Every structure is written in C-alpha cells, then in structure tokens.
Amino acid sequence: MSSPQSHVTRESASTESLPETLAPELCSEIPGPESRALAVRLARVESQNVTALDPAPIFWERAAFANLWDADGNRFVDLTAAFGVSNVGHAHPEVARAIATQAERLLHGMGDVHPPRVKVKLLERLAEIYPKGVANASPNVRSILSSSGSDAVESAIKTAMLATGRSGILAFEGAYHGLSLGALDCTWRSDFRDPFRSRLPAETHFVPYGDLEAVMRVARGEDMGEGAGKGGIDPEAIGAILVEPVQGRGGERVPPQGFLRGLRTICDEKGWLLIADEIYTGFGRTGAVFACDHEQVVPDLLCVGKGLASGMPISACIGLDEVFAAWPRSEGEALHTQTFLGHPASCAAALASLDIADRWQLAERSKKLGHLTLETLRSLLNGVESVRDIRGLGLMLGIECASPEISIAASHAMLSAGYVLLPSGEDGRVLSLTPPLVISEEALLSACREIARHLIDVSQHNRAPA
Ligand SMILES: Cc1ncc(COP(=O)(O)O)c(C=O)c1O
C-alpha cells in the first residue's frame with residue numbers, strides 16, 4: 001500500500017487542481033489490532049458515555065482531503081467530513097500553513113480585552129458573506145465569536161432575549177442545536193433531554209419540521225400545545241424561531257420549498273426574530289454558501305461553526321446590526337464572552353478556509369456533485385425494499401432505510417469496505433453522506449455503488465425463505 005506521505009494531493013493543491021481522492025486500501029481487518037488495543041486503553045480513562053466502544057471504532061491517525069488513515073495504516077474514504085467540518089478537505093495545506101504561521105506569531109490573545117489583529121479580519125469577512133436576500137445588498141452585521149456550535153446557539157438565544165424582551169423560542173421536531181443547557185432546551189430528542197430535564201428552562205415550543213401551517217397556528221394563538229415540558233406557549237411569549245434550513249442530525253431532512261421564506265414572513269408579522277442555525281449547512285454544504293441563500297432569505301441571526309474553519313474549533317453568531325444593538329456597550333466587562341473568543345489560530349484557519357472555498361467554488365461544486373449523487377443513488381436503489389427515501393441538498397444527503405438495524409449494519413459494512421459514514425435521524429435509520437466538498441466524483445460514485453450493493457443484499461437476504 002502507498003504510504004500516507006506519498007499522497008500526491010499536496011502538490012496538486014498548489015497548482016490549483018482539485019485534490020484526487022484515493023480509493024480505500026485496507027491492510028488489516030477492520031478494526032485492526034492497533035485500534036482494538038487503543039479501544040481497551042480508552043475504556044480505562046474516558047467517561048464511559050463518550051466513545052462507543054462496542055464494536056471498537058477505528059482510531060484516526062492522519063487525514064488529507066477526503067482520505068484518512070487509521071492507527072493500523074488502513075486508508076479510508078471519508079463520507080462524513082468528520083461531522084460536516086472538513087469542507088475544504090482534511091488538513092488542507094493552506095489551512096495548516098495558516099495555523100502554523102499564526103501559531104508562531106501569536107497562539108492565544110485576549111479576545112475581548114486586547115484582541116488579536118486577525119479577529120478583526122475574520123469579523124469583517126463574516127460581515128461580507130452574510131446572506132444578502134432579494135435586494136442583494138450587504139446588510140450591516142456584527143458577530144460574537146465562540147468555540148463550538150452550541151456556543152453560537154447560546155449567543156443567539158441571549159441576543160434574541162435581549163432584542164425582544166421575550167425568552168420563548170419556536171423550534172422544530174427533529175431539531176439538533178447542541179447539548180449545552182440553553183441549546184439543549186431547543187434540541188428535540190428526548191434521550192438527550194430527559195436526564196437533564198429539571199435543569200432545562202422549557203422555554204421552547206416544538207412544531208413539525210417543514211409545516212408552515214403549524215407555525216401559523218402558533219402565531220395565531222390557536223396551538224398552545226404541550227410546550228417542551230410545561231403547559232403550552234403563548235405566542236406573545238415567543239421571541240424567535242430557531243431553524244435549521246436542512247436538518248442534519250435529524251436525518252438530512254429538506255423542508256418544502258418556500259418554508260424559510262414563509263418563516264421570514266411570519267417573523268416579520270409577529271415581531272419575532274428568525275435565527276438560522278447553519279452550523280451544519282453553512283459554507284457550501286448544501287450547494288450555496290448558506291442554505292438561506294437558496295430562498296434569498298436574510299435571517300436576523302445566523303449561527304455558524306463546523307465548516308467555518310474546516311477543522312479548527314471556532315463558531316459565530318452573526319446578525320443584523322439593529323438586533324445586536326440590544327447588547328449594552330462593553331465598559332470593561334463583557335456580559336457574554338469566553339477565554340478562547342477570537343482564538344488567533346482558529347481565525348487564521350477560518351480565513352484560509354473561506355479563501356479556498358471561494359477559489360475552488362466549492363458551493364457550486366457541492367450543488368453539482370450533490371445532484372449527481374442523488375440521481376445515482378435513486379437509480380441504483382430504485383425499488384429496493386430496505387430503502388424508504390433518498391433525499392438531500394448539495395452534499396448533505398441521506399438514505400432513509402426501512403429500519404435503524406439496516407442503516408447501522410450498512411454503516412459497519414461500509415467501514416469494512418473502506419468508507420466512513422454515519423447513521424443519522426432520531427433512531428439512526430438514515431445513512432448520512434456529508435463528505436468533504438473536495439471529494440472526487442469517482443470516489444463518490446464508487447461509494448454509491450458500494451452502499452447500493454450492501455442495501456440490495458440486505459433486501460434480497462430478507463426476502464429469502466427461512
Ligand atoms: C445544526 C447544528 N447546530 C448545532 C450543533 C452543535 O454544534 P457543536 O457540536 O459544535 O456544539 C450541531 C452539531 O452537530 C448542529 O448540527
């Protein structure tokens with residue numbers, strides 16, 4: 001097998017051609033002996049709820065663009081972009097160089113006191129790329145930087161509370177907005193919420209995703225519902241709608257066209273804020289820079305993370321000037337900040353990643369490849385019993401299987417064939433495909449054939465007489 005160092009893509013990046021994706025090459029069983037040994041060591045030292053160890057995972061050793069190598073030297077194709085993060089590819093040399101250069105100069109600054117220079121540049125860049133809507137005019141926007149996606153959602157919840165004086169939020173069934181306590185209150189799944197329910201403010205009201213009529217019923221005060229743990233919600237108590245333009249962890253669910261625009265109209269009529277959680281969908285994932293751009297919607301607040309820096313932890317709550325005006329001017333003590341706010345190396349990585357995505361037109365690429373993949377999967381899996389639905393937007397695609405057992409078995413089978421992919425959806429029945437946006441067409445089509453082969457096998461096996 002070729003050594004990781006022989007990966008030719010570093011040269012190809014500097015000559016501007018897209019990197020190639022190498023086919024899987026496996027030199028041990030999956031997981032191999034080294035991964036299994038690491039799993040045993042990990043089991044002794046990590047909280048037992050963090051990494052699922054049965055079956056043992058593969059332990060990642062290195063990655064480049066859409067390929068990764070595990071601790072046993074097996075080479076895989078990554079169909080996850082590691083939770084939708086590595087949009088420009090893993091360890092893109094320009095991103096790595098930007099981090100190294102910044103780290104040698106200034107690795108950590110005083111984000112909200114004596115800030116690093118690079119923070120200003122990133123904030124200016126975020127203001128430039130904010131969705132422009134039908135008017136195609138750049139609104140004046142500001143941001144709060146932070147480290148994780150959940151942090152960005154916390155910033156949005158607090159900003160909305162200050163701007164509207166109301167703490168109620170309308171969110172959607174299937175929503176995932178993070179697991180910190182404020183964000184968790186807006187996350188749908190009860191397995192995440194139940195152990196901590198007594199600590200949740202229960203200020204979120206959930207309605208079916210994609211159902212504009214349900215939102216209107218709440219707006220008209222006709223649906224006070226059950227709320228999220230207390231008796232219903234008064235529309236006058238709602239300050240904001242929090243929505244993923246495409247649900248990611250909820251199972252790659254794409255709402256009907258016009259949904260976001262409809263939410264914008266309702267928010268305008270009710271004086272509610274529209275918060276778009278584009279932590280998953282941002283930076284080209286769905287075939288536009290932001291999924292809001294598909295419907296030319298300008299949200300009041302926009303949460304981003306994941307693909308912002310293609311691998312470094314950084315997130316932001318970006319939003320309209322007039323909304324951020326609700327925060328008092330800092331006179332020495334920020335009301336909402338973090339030690340690592342505006343982390344210099346993460347800001348430098350974000351700027352490099354945004355440059356690459358622009359230069360390589362990755363949003364456009366995601367649109368074309370997504371379309372091709374969707375068509376391919378639909379034709380390969382047409383009439384296959386183990387499959388219920390194939391859907392997605394850009395390179396955010398899902399294959400809904402007839403049961404979670406089928407999708408989980410398929411993800412294991414794919415790993416053994418050299419492809420990393422994850423189940424998503426409430427009970428894990430959706431096979432999710434969110435590869436780096438630089439993955440080659442050939443690798444993606446090979447992955448589709450491999451997935452189809454497995455799902456067709458399952459259907460035939462289930463149909464065979466006992
Ligand atoms: C839409 C969305 N919002 C928020 C989050 C939370 O981000 P993080 O895990 O970085 O806190 C996620 C994570 O998957 C997400 O998909």
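Two strands pair if DSSP finds at least two bridges between them. Strand S5 (residues 168-172) and S6 meet that test, with four bridges in the parallel sense. The model described here is predicted.

Ile 169 stands opposite Thr 204 in S6. In a regular strand the side chains alternate between the two faces of the sheet. Are the faces of strand S6 (residues 204-207) covered or open? Both are covered. Thr 204 and Phe 206 are buried on one side. His 205 and Val 207 are buried on the other.

S1 and S2 run antiparallel and are joined by four bridges. Within this pair, Arg 62 has Trp 69 in S2 as its bridge partner.

The loop between strand S2 (67-70) and strand S3 (75-78) holds Asp 72. Is Asp 72 buried or exposed? Its relative accessible area is 17%, so Asp 72 is buried, the cut-off being under 20%. Beyond residues up to four places away in sequence, Asp 72 touches Cys 27, Ser 28, Gly 32, Pro 33, Glu 34 and Ser 35. Arg 193 is 121 residues from Asp 72 along the chain, and their C-alpha atoms are separated by 37 Å.

**An antiparallel sheet and its helices**

Another open sheet also has four strands, in the order S11-S12-S15-S14. Here the pairing is antiparallel.

S11 and strand S12 (residues 396-401) run antiparallel, with six bridges between them. Arg 391 stands opposite Gly 398 in S12. Helix H13 (residues 362-380) packs on this sheet and touches S11 and S12. The direction of H13 makes about 170 degrees with that of S11. Helix H14 (residues 404-416) lies across S12, S14 and strand S15 (430-433). H14 runs at about 40 degrees to S15.

Thr 373 lies in helix H13. Thr 373 has 1% relative accessibility, so it counts as buried. Leaving out residues up to four places away in sequence, Thr 373 touches Leu 395, Leu 397, Leu 444 and Cys 448. Ser 148 is 225 residues from Thr 373 in sequence. In space the two are 30 Å apart, C-alpha to C-alpha.

**Two helices side by side**

Two packed helices are described by the angle between their axes and the distance between the axes. For helix H9 (residues 212-219) and helix H10 (residues 259-270), the axes come within 10 Å and cross at roughly 10 degrees. H9 and H10 are therefore roughly parallel to each other. Which residues make the contact? From H9 come Leu 212, Val 215, Met 216 and Ala 219. From H10 come Phe 259, Gly 262, Leu 263, Ile 266 and Lys 270. Seven residues of the contact of H9 with H10 are nonpolar, one is polar and one is charged.

**A buried serine in a loop**

Ser 310 sits in the loop between strand S9 (301-304) and strand S10 (315-320). With 5% relative accessibility, Ser 310 counts as buried. Setting aside neighbours within four places in sequence, Ser 310 is in contact with Val 85, Ser 86, Asn 87, Val 88, Gly 89 and Ser 353.

**Side chain to backbone**

The side chains of Ser 310, Asp 72 and Thr 373 each reach backbone atoms, as listed here.

| Side chain | Backbone atom | Distance |
|---|---|---|
| Ser 310 | nitrogen of Asn 87 | 3.4 Å |
| Ser 310 | nitrogen of Val 88 | 3.2 Å |
| Asp 72 | nitrogen of Glu 34 | 2.7 Å |
| Asp 72 | nitrogen of Ser 35 | 3.0 Å |
| Thr 373 | oxygen of Leu 369 | 2.6 Å |

Notes
Residues numbered from 1 in each chain as written. Predicted model: local features only at pLDDT ≥ 70, side-chain atom pairs only at ≥ 80, totals over all residues. Heavy atoms only, no water. Helix = DSSP H or I, 4+ residues; strand = E, 2+ residues; numbered from the N terminus. Buried < 20%, exposed > 50% of the residue type's maximum accessible area, 1.4 Å probe, protein only. Polar contact = N/O pair within 3.5 Å; in protein donor to acceptor, adjacent residues only side chain to side chain. Contact = heavy atoms within 4.5 Å. Axes fitted to C-alpha atoms, helices over the stretch in contact; angles between N-to-C directions. Parallel < 35°, antiparallel > 145°, perpendicular 65-115°, else oblique. Nonpolar A, V, L, I, M, F, W, Y, C, P; charged D, E, K, R; others polar.
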